[in-house]
Amino acid sequence: MAIVGLGRSPYSRDRAGATPGSLVLEAAVAALRDAGLAATDVDGICGSAVKAQYVQAGLGIPQVSWFANPPMVIGNQVVAAVAAVASGMSDTVLMYHHAYRGPGTSRAAASDPARRRSTLGGGDPRSWWGTGHNEIGPRSMFGAVAYAAWADRYLTEHGYDRTALGRVALNSRTNAAANPNAVFREPMSMDDYLAGRMVRDPLCVYDMDVPVDGADAFVVTTTERARDLPHRPVLIHAATLGHTDFGSEEQLVDLDHSGQQVVCDRLWDKSELELADIDVYFPYEGFSNIALAWFENVGYCGKGEGGAFVADHWDEAQHRILINGRVPVNPHGGSLSEGGTQGAGHLHEACLQLRGQANERQVAECRAALVTSGGFYFNSQGMLFRSGV
């Protein structure tokens, strides 16, 4: 299978009048045009919160033979689309994900009555499922706040200070300077990072992904059909999901037994590629400590060595991570500076790099990209992509 079309509704923190549906449709139209296809060529639709039926109606697609709306992050959509095409349930899938600022993420969003209405209810939505999750916020261990507890445990157990997290944030900010789609492009120093407003110790405001409005869309089809389309195809070489039997924030046994280990074991077993073949790496860093764990679990270093690995591969002249002096990490700025899109931005940039269209961010002779999206608990994901010919 191959990704043959890319589309985007540019990321923004001050875009007036946008809705999740309008963002997705804007990105979807752009992806189809990029692929050289019409809406009527699509027979499968796979997205996240915006329902497939809405997108189908908005694009005027007469009929589809398959659709799905798995939850974020983006690897869920990739795996579902691959399965649909591989099984013959669909020939050409439109795949998408959007990010949308809720009223709790910024003053501008909180002042918008439409956004307030769209997110009424609050609380952890898992409370609907009868699993005991009924509270979210500073007093809980659910959702975003749990990452601070695990970050503190990681730093304490392995003897790191906050600069280990800071290098992840600085890498994203440095790389974002070359990305016009990034919402935060201003230079940042380690002193700036350490002076950042503390949200929940040890995570400061620069350790957490940036709320944005925006959407990404992709067209997935067979490799045979991809050969007849305008752009160099991005081949989906391997993709997998994973979590453990205690895969929730407060039940995770430790960071050595998370979904990340499941993903990485299966991903390399499914692939003929090795880590040395990777030309650009995209570890998810919705929270900076997630990236440190991904470095360890994909095999760049041992358990507890992520902080030291980033320090050892820090290019002081370029002010960013450069693995073995060759492999850049999140060259688009990632979740911490481009925008928090639950991995969709990482996938979009991986496709641009493999198509040779990343402009001044372009990695020379980029042939293989590794994307590890998601965190520790219930959404760990890994994907390997290759450049087609």
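In this predicted model, Asn-359 is exposed, with a relative accessible area of 66%, and occupies the loop between helix 14 and strand 13. The phi angle of Asn-359 is near 55°, a positive value in a residue other than glycine. Asn-330, however, is buried, with a relative accessible area of 1%, a value that lies under the 20% cut-off for burial. Most residues other than glycine have a negative phi, and most peptide bonds are trans. Cis peptide bonds include the one from Met-72 to Val-73, with omega near 15°, where Val-73 belongs to the loop between strand 3 and helix 3 (74–87). The bond from Asp-201 to Pro-202 is also cis, with omega near 15°, and Pro-202 is placed in the loop between strand 5 (198–200) and strand 6 (203–204).

The protein chain contains 14 helices and 14 strands, and 59% of its 389 residues count as buried. Among contacts with a separation of 6 or more, residues 24 or more positions apart account for 71%.

Nine strands form an open sheet with mixed pairing, in the order 3-2-4-7-1-8-14-13-9. Strand 3 (66–68) and strand 9 (280–283) stand at the edges and have a single partner strand each, so one side of each is left without a neighbour in the sheet. From one strand to the next, the twist averages 20°.

Within this sheet, strand 4 (92–99) is mostly covered, eight of its eight residues being buried. In a regular strand the side chains alternate between the two faces of the sheet. Both faces of strand 4 are covered, with Thr-92, Leu-94, Tyr-96 and His-98 buried on one side and Val-93, Met-95, His-97 and Ala-99 buried on the other. Strand 4 pairs with strand 2 (residues 44–46) in the parallel sense over three bridges, and Met-95 of strand 4 is the bridge partner of Cys-46. With strand 7, strand 4 pairs in the antiparallel sense over eight bridges, and here His-97 has Asp-216 of strand 7 as its bridge partner. Elsewhere in the sheet, strand 13 (residues 368–372) and strand 14 (residues 380–387) run antiparallel and are joined by four bridges, with Leu-370 standing opposite Leu-384 in strand 14.

Helices also lie across these strands. Helix 14 (residues 344–355) lies across strands 1, 4, 7, 8, 9, 13 and 14, and runs at about 125° to strand 1 (2–12). Helix 10 (residues 259–270) lies across strand 8 (234–242), strand 13 and strand 14, running at about 140° to strand 8.

Among the helices, helix 6 (residues 145–158) packs with helix 11 (residues 288–298) at an angle of about 55°, their axes being 10 Å apart. That angle makes helix 6 oblique to helix 11, and the crossing of the two helices is left-handed. Tyr-147, Trp-150, Ala-151 and Tyr-154 of helix 6 meet Asn-289, Ile-290, Leu-292 and Glu-296 of helix 11. Classified by residue type, this contact comprises six nonpolar residues, one polar residue and one charged residue.

Methods:
Residues are numbered from 1 along each chain as its sequence is written. This is a predicted model: local features need pLDDT of at least 70, side-chain atom pairs count only at pLDDT 80 or more; totals for chains, interfaces and linings use all residues. Side-chain values use heavy atoms; hydrogens and water are left out. Axes are lines fitted to C-alpha atoms, for helices over the stretch in contact, and angles run from 0 to 180 degrees between N-to-C directions. Angles under 35 degrees count as roughly parallel, over 145 as roughly antiparallel, 65 to 115 as roughly perpendicular and the rest as oblique. A crossing is left-handed if the near helix is turned anticlockwise from the far one by less than a right angle, and right-handed if clockwise. Contact means heavy atoms within 4.5 Å. Ala, Val, Leu, Ile, Met, Phe, Trp, Tyr, Cys and Pro count as nonpolar, Asp, Glu, Lys and Arg as charged, and the others, Gly among them, as polar. Two strands pair if DSSP finds at least two bridges between them. Buried means under 20% relative accessible area, exposed over 50%, partly exposed in between (1.4 Å probe, protein chains only).
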